[in-house]
Amino acid sequence: MRNIEIFKDIPKWEGIYQVSNLGNVKSLARKWSPRESTLTPAVSHDKYLKVDLKANGKREQVEVNRLVALAFLDSNYVAKGLVCDHKDRDRQNNDLSNLRVVTKRENSQNTCNSKNLIGASKRPTSDRWASAIQINGKTRHIGDFDTAEEASTAYFAMANLERKLTGCCQYENR
């Protein structure tokens, strides 16, 4: 079954640009450009798809996933301190069904490594695994470990300690 593509105006760019639930962005017909045209996104250095939006002398380069989230999920999510997360961790899959608005903490827990362990990332220059956690918007390095399992365990220990101090719920290492 194929998804039906639905376009909505992009907040702050109403009547000029629209984004679809499938992650396509189009420029609407205007006086100097009488035809609608689909924008071709560029891949940024951090592997997100971005498009250039221009109007009234202002230009903005925006990630497509953020435009989909603004138009379809929550037009005020940035002001609430939330971020747009790719459920499948593929930064170029901007389909609405793959996106969700979450806290920075939830987003940082949706990370990927070769062993699918949360809080562990392979050091590119060695055989060691690093563990880090984000607390109050600041990334804190927990340590370097011999295995991904040790790094993930250290992450959950730190996350649970922080939750005990703040009164939030506990997380389990899966």
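Start by selecting Arg 66, which is partly exposed, with a relative accessible area of 43%. (Buried means under 20% relative accessible area, exposed over 50%, and partly exposed in between, using a 1.4 Å probe and protein chains only.) Before you click on, know that this is a predicted model, where local features need pLDDT of at least 70, side-chain atom pairs count only at pLDDT 80 or more, and totals for chains, interfaces and linings use all residues. Residues are numbered from 1 along each chain as its sequence is written, and side-chain values use heavy atoms, with hydrogens and water left out.

Arg 66 makes a salt bridge with Glu 63, and their closest N and O atoms are 3.2 Å apart. (A salt bridge is a side-chain nitrogen of Lys or Arg within 4 Å of a carboxyl oxygen of Asp or Glu.) Glu 63 is buried, at 9% relative accessible area.

How many salt bridges does a search of the whole structure find? It finds six. For another one, pick Arg 100 and Asp 85: here the closest N and O atoms are 2.7 Å apart. Arg 100 is in strand 9 (residues 99-102) and Asp 85 is in strand 8 (residues 83-86), so this pair ties together parts that are 15 residues apart in sequence. (Strands are DSSP runs of E, at least two residues, numbered from the N terminus.) Is Asp 85 buried or exposed? Asp 85 is buried, with 3% relative accessibility, while Arg 100 is partly exposed at 32%.

Next, select Lys 26. Lys 26 has a salt bridge to Glu 36, with closest N and O atoms 3.1 Å apart. Lys 26 also lies over the face of Phe 7, 4.1 Å from the ring centre. (A charge sits over a ring if NZ of Lys or CZ of Arg is within 6 Å of the ring centre and within 35 degrees of the ring normal.)

Jump to Trp 13. The charged end of Lys 58 sits over the Trp 13 ring, 5.0 Å from its centre. Now show the aromatic pairs, of which there are two. (Rings of Phe, Tyr and Trp, using its six-membered ring, pair if their centres lie within 6.5 Å; planes under 30 degrees apart count as stacked, over 60 as edge-to-face and the rest as tilted.) Trp 13 and Tyr 17 are edge-to-face, at 5.7 Å centre to centre with 75° between the planes. Both Trp 13 and Tyr 17 are buried.

Last stop: Tyr 155 and Phe 156. Their ring centres are 5.3 Å apart and their planes at 90°, so this pair is edge-to-face.

Technical notes. Helix = DSSP H or I, 4+ residues; strand = E, 2+ residues; numbered from the N terminus.
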